[in-house]
Amino acid sequence: MSEEIKQQESAEEFLFDEMTDADYIAAAFNAVSSLDSFDAINKEDKAIKKRIFRRCLFIIDTCTKNLYDQLTDDELDED
């Protein structure tokens, strides 16, 4: 197998790695944290900042709910 084919296969494998809820939470947290340094000068910038914050908050809410459900389901299974 040529080196080029091996590189393509490894690149394809990398593209399909799944993200966990914790990964999504971390990414959303980083995005929200970056908004502190984002100076919203005009109306469009303020709308963008608000939209990013709202979306990230939704991601964090959804993923923490998933984690909570997994944790409480596991505890119920132990009984």
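The protein chain exposes about 7,000 Å², of which carbon and sulfur atoms supply 56%; accessible areas come from the Shrake-Rupley method with a 1.4 Å probe, and for residues only the protein chains shown count as cover. The model is predicted, so local features need pLDDT of at least 70 and side-chain atom pairs count only at pLDDT 80 or more, while totals for chains, interfaces and linings use all residues. Residues are numbered from 1 along each chain as its sequence is written, and side-chain values use heavy atoms, with hydrogens and water left out.

The fold is quickly described. The protein chain has three helices and zero strands, and reading along the sequence gives the pattern α-α-α. Helices (H or I, at least four residues) and strands (E, at least two) are DSSP runs, numbered from the N terminus. Of the 79 residues of the protein chain, 8% count as buried. Here buried means under 20% relative accessible area, exposed means over 50%, and partly exposed lies in between (1.4 Å probe, protein chains only).

One of the buried residues is D21, with a relative accessible area of 17%. With neighbours within four places in sequence left aside, D21 is in contact with C63, N66, L67 and Q70, where contact means heavy atoms within 4.5 Å. Despite being buried, D21 has no salt bridge, and the nearest side chain of opposite charge, K65, is 10 Å away. For such assignments, Lys and Arg count as positive and Asp and Glu as negative, whereas His and the chain ends are not counted.

The structure does hold one salt bridge, defined as a side-chain nitrogen of Lys or Arg within 4 Å of a carboxyl oxygen of Asp or Glu. In it the side chains of K65 and D69 meet at 2.7 Å, N to O. These two residues are separated by about one helical turn because they are four residues apart in helix α3. D69 counts as partly exposed, at 26% relative accessibility.

Patches are made of residues with over 30% relative accessible area and no salt bridge, like charges being joined within 9 Å and nonpolar side chains (Val, Leu, Ile, Met, Phe, Trp, Tyr) within 5 Å. M19, Y24, F58 and I59 make a nonpolar patch of about 400 Å². Within this group, M19 is placed in the loop between α1 (3–15) and α2 (21–34) and is partly exposed, with a relative accessible area of 42%. A positive patch is formed by K50, R51, R54 and R55, with the place of a charge taken as NZ of Lys, CZ of Arg, CG of Asp or CD of Glu. R51 sits in helix α3 (residues 43–78) and counts as partly exposed, at 33% relative accessibility.

The loop between α2 and α3 is the place of F38, which counts as partly exposed at 30% relative accessibility. Not counting residues up to four places away in sequence, F38 touches D45 and K49.
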